[in-house]
Amino acid sequence: MPRVSSPWPINDSERGAASVQALGIIGGSGLTRLQALSIERQEIITTPYGEPSAPLTFGRFDGSPIVFLPRHGPAHTLPPHRVNYRANLWAMKHAGVENVIGMAAVGGITRSMSPGMLVVPDQIIDYTWGREHTLFEVDLPAVTHIDFTRPYCDELREALLRGAHRAGVATHDGGTYGATQGPRLESAAEITRMERDGCDVVGMTGMPEASLARELGLCYACLALSVNWAAGKSEGPITMAEIDRHLADGMQRARRILAVVAAE
Ligand code: HPA
């Protein structure tokens, strides 16, 4: 798995005890639990930014060490705009994790992003507002601007695509993730605007997760599953039944990819 150097001042004595090879996985909708995960321990991490969504789970996934955190809480009760992204990413860093995969359910906007498709996006447009989106706010030696030209970690994206190939799971390479505020879904006009902007998929949790990971020097990539056509892209309303159907099947395929990446 790729390694990154960190500009962030969490020193070794402040770190938790996770294996440095452990892969961090932030589970999204449909992935609050990882089947085949043998749990070694769970740890409640206190961070300078408050409580993460859940205790960190340290365990083995198909034999490989991972650190797992369900983004929406253990019972899937935290809506996207209430997730404490800062605490979640800080906790991962504190645990000694270097590579983090954010799992995400998304709506498909462009033709190739049909429901059921897995995608490893390579760009982001941020439409969220009012979220605690940076760690670089106070007590800084100097104003800090991270480079975000390529918002996802190339090495981890490659590892995901390689893992998908090895697992025999069809996955789309690249695409722009448009992050909306939620928790409501979008209007058809909003999706038309997002498509004009260049978005391929729409989700509610991609930001500020990706930029906070970059601020912390974590290598972060997203494995997204299209679970519905975005608003106005199909006949009729978007139903939870449709979403749940695609989630159940798609997350099984996503798990197969994760198992290969965790073992690398
Ligand atoms: N919009 C925003 N977020 C989503 C969607 C959607 O259509 N589907 C799954 N997450």
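Helices (H or I, at least four residues) and strands (E, at least two) are DSSP runs, numbered from the N terminus. The model described here is predicted: local features need pLDDT of at least 70, side-chain atom pairs count only at pLDDT 80 or more, and totals for chains, interfaces and linings use all residues. Residues are numbered from 1 along each chain as its sequence is written, and side-chain values use heavy atoms, with hydrogens and water left out.

**Helix H4**

Helix H4 (residues 206-215) is mostly covered, with 9 of its 10 residues buried; buried means under 20% relative accessible area, exposed over 50% and partly exposed in between (1.4 Å probe, protein chains only). The buried residues of H4 include Met207, Pro208, Leu212 and Glu215. Their cover includes strand E1 (23-27), helix H1 (85-94), E5, E7, strand E9 (176-179) and E11, where contact means heavy atoms within 4.5 Å. Just after H4, Gly217 takes a positive phi of about 75°.

**Backbone geometry**

Most residues other than glycine have a negative phi, and most peptide bonds are trans. The peptide bond from Met207 to Pro208 is cis, with omega near 10°, and Pro208 lies in helix H4. A cis bond also joins Gly182 to Pro183, with omega near -5°; Pro183 lies in the loop between E9 and helix H3 (188-197). Two residues other than glycine with positive phi are listed below.

| Residue | Phi | Relative accessibility |
|---|---|---|
| Asp62 | about 50° | 56%, exposed |
| Asp139 | near 55° | 78%, exposed |

Asp62 is found in the loop between strand E3 (56-61) and strand E4 (64-70), whereas Asp139 is in the loop between E7 and H2.

**Aromatic pair**

A search of the whole structure finds 1 aromatic pair. Tyr152 and Tyr220 are stacked, at 6.2 Å centre to centre and 20° between the planes; rings of Phe, Tyr and Trp (its six-membered ring) pair if their centres lie within 6.5 Å, and planes under 30 degrees apart count as stacked, over 60 as edge-to-face and the rest as tilted. The pair links distant parts of the chain, 68 residues apart: Tyr152 is in the loop between strand E7 (123-126) and helix H2 (154-167), and Tyr220 is in strand E11 (residues 219-229). Both Tyr152 and Tyr220 are buried.
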